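Hello,

Here is the model I promised to pass on to you. Have a look at it first, and then read on for my notes.

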Amino acid sequence: MSGLLKSSIGRKFAMALSAFFLMFFLLQHFAINITSVFSKDVFNELSHFMGTNPLVQYALQPVLIFGVVFHFVMGFVLEIKNTGSRNVKYSKNNGAANSSWMSRNMIWSGLVILAFIVLHFIDFWFPELNTKFIQGDWSGMHDGEFRYYHELQEKFLSPARVSAYVIAFILLAMHLLHGFGSAFQSSGMNNKYTKGLKTFGKLYATLIPLGFIIIALYHHLNHNH
Amino acid sequence: MNLKLKIWRQKNANDKGKMVDYNINDVSPDMSFLEMLDVLNEQLITGGDEPVAFDHDCREGICGMCSLYINGEAHGPDRGVTTCQLHMRKFKDGDTIYIEPFRAKAFPVIKDLVVDRSSFDRIQLAGGFISVNTSGNTQDANAIPINKDSADKAFDAATCIGCGACVASCKNSSAMLFVSAKVSQYALLPQGEVEAVDRVLNMVKQMDEEGFGNCTNTGACEVECPKGISLENIARMNSEFLKASLKG
Amino acid sequence: MATLDSKIPKGPLKDKWTNHKNKINLVNPANKRLIDVIVVGTGLAGGSAAATLAELGYNVKAFCFQDSPRRAHSIAAQGGINAAKNYQGDGDSTYRLFYDTVKGGDYRSREANVYRLAEVSTNIIDQCVAQGVPFARDYGGLLDNRSFGGVLVSRTFYAKGQTGQQLLLGAYSAMNRQIGRGKIKMYNRHEMMDVVIIDGKARGIITRNLVTGEIERHSAHAVVVGSGGYGNVFFLSTNAMGSNTSAAWKMHKRGAYFANPCYTQIHPTCIPVSGDHQSKLTLMSESLRNDGRIWVPKKIEDVEAIRAGQLKPTEIAEEDRDYYLERRYPAFGNLVPRDVASRAAKERCDAGFGVNTTGEAVYLDFASAIQRYGKEQATIKGLNTNDAALVKKLGQEVVKNKYGNLFQMYEKIVDQNPYETPMMIYPAVHYTMGGVWVDYNLMTSVPGLYAIGEANFSDHGANRLGASALMQGLADGYFVLPYTIGDYLANDIRTGPISTQTAEFEEAEKSVKERIEFFVNNNGNKSVDYFHKRLGKIMWNQVGMSRNEQGLKSAMAEIKKIREEFWKEVKVPGGANEFNEELAKAGRVADFLELGELFAKDALHRTESCGGHFREESVELDGPQKGEAKRDDDNFTYVAAWEYKGEPSDAVLHKEDLEFNDIELKQRSYK
């Protein structure tokens, strides 16, 4: 058991586990965000709960951060090892003949997502940390009402930022299009359910990022200023 | 037809090697790819040059000796065939064909297009067997019925010819399809159960030590495999390995 | 003739092997550790022998010229392996398998050996299943069998069309287990260049490392050679490109007798030659003849029109087709044995009726089978049996289920769709029944030197039955040699390690090096293949499917001439101390050029027709068998074992008389 993370299959499984966790998180994140399109109040309530609940803040949040960091670091470790496994490159390689672009470029879609996460942290998470932990304001209030919805709308004013988000989500979709099925395969699941699971994976991989794009565009086009 | 060939030439393992251009004329579409190379070699020999070295033996797609990365694909553009079964009718007059060795750190080049695949043998001897001595009084072959589905799946996995196309096609030079085919064959049969835990742990350990990359499930191996070995085997090996890791 | 003691044990046929095993010397386990055995070749025979010897405790050194033991040419065997298991309850027995094998071999095999083979056949299946070989199974989970090669029972075990592959991978896995334990030291990409005889006993071999070119000495207490057959003497055959006779020929030159070299099996259903570029021939499983009808056009003008591309075979009317096997052999029709079917195809093509551009092909037509199966299916499904399109579609589905992979293979190679147009087939060299002479213990005429599998002359007489080659290879390697070799090695327990620093090793290494130096320095201008192809043409035309005195004599002279030219004009590019395939080929072709002549000499002396050896002068002149092969039991019921005396033409004949006590000699009739 101890050597599991040193083995290629163990690492692949760890990638899959972190991926499952991140995909679940993504779904949860989406479920909360999409409420912003329908109801300002529900969104505010949910955001406040997530932002102040001790379990979320002190247990789930660190796990999430660890999951994100682990997935990226392990991704890079594997990429470096894999690139090194072929010391002389082919003069001509026709990868498109046997595999999808997404599957061959997970590292690139991953890097774009990483860049996006940095942007996203600058936009939301760092200010949040600042408010709560440095200024010690856990009220979630601003000008007599919850600040979350307002902040959200604020961020999506800039067309540049919205464009960056849209691009990042397209890459996320591509990452998921391969990653979803891949995670199951890595965990050793390939059976009669695989076909159905793959279809579901494709739906998940397109609909969730599309949903996020819709949210971004909605707030960009419908801000209340 | 007339063709332009770009072939990897490398004198020995220590030589740097380079792509060299050759022209070959009057190629018959009925020739196999290796027969086309035979003709080129005959030209080179009578012209006083050294022939191109390439591995080949049975020339009927079963021994797994032939290799070659042709126009960016292991065993060339046709599906379900080895290079010896690839025919020149798959190419057009005037084509330029790139011919390179199977490339991976674990498959060092011996000469020109010949590579050393002994890493595969070392993986097999780490556990690719059932420990039964030859005695002449093992139990009767029909003593344990095996359901047809498992037997057929075990057979499908066992048809791997060990050519290394999976490694060559994989962007990570991963040997997972090859290793999983053997692990699966035994995992699916009752005879293989007793040693299942050690087998998968040892074979995967050896695979990692040989310097093959990690599987990222691109599926290229399955597409290029001349015997159509399924990715299902890799999933089976993953689960066998994870189960074994918990037990071991 | 004292040198040819076959050492057949006394007693009733069915007890010989058991009694022999009970009486021969054994080596105790502690002493086995002190004994080294060399095994050359890692096919079914060599691989299984190496694994079993190592399991017993001997120190084994195994050699193969391929890059892995798993690639030996046994891997290409398609059909199956016979065993007298009688799982189908159709009356099979050890005796019946023995009987079929001796009869199929046209009564030119050694009775005691064949009986032993039939006896251990059942152990093979048990052993292979225990190793995890995935044989075909039925829905009840039990092993499936099929009938093969026209015999009356279903005793053939199979793994789709890849039985040889699965059995070889089984032997390879058994080897791997021993390599991992250090009991087998495996030398891949090593070619045996000579065998070293010390004080009359085989004590080692000289090898060339095919990667570095290094010449190495290896010593052992006994040497076992399972290096396969010599079909590539014909240049074109279904053998692998690397299959060669060199190991066997080196044994012969060092004193081992070569038996029945003229017994070659020509397989009737191979894909025809497409041009001069052809490097090898591809076999299509014999099972195709169960449903395919073989024919050529009746009219020569139709043949010409077909060759000119003006006429399609499907356009030829039924009455203008000559189903020559059905015409000549109404009882067996398209299912006559391999030798008969092959000769009949050659006869038609020689008469000018060959249907491809080279005039060397006949049709194998599935149209009738498709019709028959289609109608059957339509009836079962209650559909209209007069709907031609429907019947054809249903019939094609049945044929696809039975032969799909073969049809696909044919289409890849020939680029024609055999569901729509008849296949073209032609006979090709497939297996050599002849080989190094061995006694009942599988020891050659040189003490301590053993030959197993196709490399020995063994059990198939003048013609091998389908699905028997795999059986023999594994029987020799798993169940016979490991016992019998103990009888010899029991005298070697005090010998201690064999030194390689002796005059005999010195001499052998020197001669190997000299020959290599000659090749790389020879100032010739013709490639090795040039000579090999010329040899192959002569062998095929004059020493092939049917032979006559005049042709054989001229073949001997021509082969000698080519050999002389070869040594003058061969060009071997590259150096001695590197990976050099041309150099390896040169050595192999040099040996083929000698073997070819002995082959013709053997065929010349055997003035009877038997099995794979058809002598034109020996045919039935009248009666119902008119024109068929005529065996001469009075004068030729013996094994012809040739002793090397320098030139192949000077080889000396030793006869081992064959006695048949448990079987009556009969003429094979298929009319």
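Let me start with the two domains of chain B: their centres, taken over C-alpha atoms, are 29 Å apart. Please keep in mind throughout that this is a predicted model.

**Chain B and its domains**

The domain assignment places domain 1 of chain B at 3–110 and domain 2 of chain B at 118–247. Where they meet, 18 residues of domain 1 of chain B are in contact with 16 residues of domain 2 of chain B. On the domain 1 side of that meeting, nine residues are nonpolar, six are polar and three are charged.

**Where chain B meets chain A**

Chain B also touches chain A, with 40 residues of chain B in contact with 36 residues of chain A. Which elements of chain B each supply at least two residues to the side that touches chain A? They are strand E5 (96–100), helix H6 (196–209), helix H7 (220–224) and helix H8 (232–247) of chain B. H8(B) gives the most to this side, with 10 residues. By class, the side of chain B that touches chain A has 15 nonpolar, 15 polar and 10 charged residues.

**Where chain C meets chain B**

Between chains C and B, 66 residues of chain C are in contact with 66 residues of chain B. On the chain C side, the elements that each supply at least two residues are helix H3 (44–56), helix H5 (111–131), helix H6 (163–180), helix H12 (388–414), helix H13 (469–489) and helix H17 (581–605). With nine residues, H6(C) gives the most to the side of chain C that touches chain B. That side divides into 23 nonpolar, 26 polar and 17 charged residues.

**Chain C as a whole**

Chain C contains 18 helices and 21 strands. Along its principal axes, its C-alpha trace spans about 80 × 60 × 50 Å. How does the radius of gyration of chain C fit a compact globule? A compact globule of 671 residues would have a radius of gyration near 26 Å, and chain C, with 25 Å, agrees with that. Of the 671 residues in chain C, 59% are buried. Counting contacts in chain C between residues at least 6 apart in sequence, 73% join residues at least 24 apart.

**The domains of chain C**

In chain C, the domain assignment gives domain 1 as 268–428 and domain 2 as 503–636. Taken over C-alpha atoms, the centres of these two domains of chain C are separated by 33 Å. Five residues of domain 1 of chain C are in contact with five residues of domain 2 of chain C. H10(C) gives the most to the domain 1 side, with four residues. That side of domain 1 of chain C has one nonpolar, one polar and three charged residues.

**A sheet in chain C, and the helix on it**

Chain C has an open sheet of five strands with antiparallel pairing, in the order E11-E15-E14-E12-E13. Its edge strands are E11 (264–270) and E13 (321–322) of chain C, each of which pairs on one side only. Strand E12 (residues 293–297) of chain C runs antiparallel to E13(C), and two bridges join them. If you want a place to look, Pro297(C) stands opposite Arg321(C) in E13(C). Helix H10 (residues 338–353) of chain C packs on the sheet, where it touches E11, E12, strand E14 (362–365) and strand E15 (423–432) of chain C. The direction of H10(C) makes about 70° with that of E11(C).

**Two loop residues to look at**

Asp106(C) is not a glycine, yet its phi is positive, at about 55°. Asp106(C) sits in the loop between helix H4 (94–104) and H5 of chain C. Is Asp106(C) buried or exposed? Asp106(C) counts as buried because it has 27 C-beta neighbours inside 10 Å, and the cut-off for buried is 20 or more.

Lys160(C) also has a positive phi, of about 45°, although it is not a glycine. Lys160(C) lies in the loop between strand E4 (156–157) and H6 of chain C. With 17 other C-beta atoms within 10 Å, Lys160(C) is partly exposed.

Enjoy looking through the model, and write back with any questions.

Best wishes

Terms used
Residues are numbered from 1 along each chain as its sequence is written. Chains are lettered from A and ligands numbered from 1 in the order in which they are written. This is a predicted model: local features need pLDDT of at least 70, side-chain atom pairs count only at pLDDT 80 or more; totals for chains, interfaces and linings use all residues. Two residues are in contact if their C-beta atoms, placed from the backbone, lie within 7 Å. Ala, Val, Leu, Ile, Met, Phe, Trp, Tyr, Cys and Pro count as nonpolar, Asp, Glu, Lys and Arg as charged, and the others, Gly among them, as polar. The radius of gyration is taken over C-alpha atoms; the globule rule is 2.2 Å times the number of residues to the power 0.38. A residue is buried if 20 or more other C-beta atoms lie within 10 Å of its own, exposed if 12 or fewer, and partly exposed in between; C-beta atoms are placed from the backbone. Two strands pair if DSSP finds at least two bridges between them. Axes are lines fitted to C-alpha atoms, for helices over the stretch in contact, and angles run from 0 to 180 degrees between N-to-C directions. Domain bounds come from an automatic or database domain assignment.
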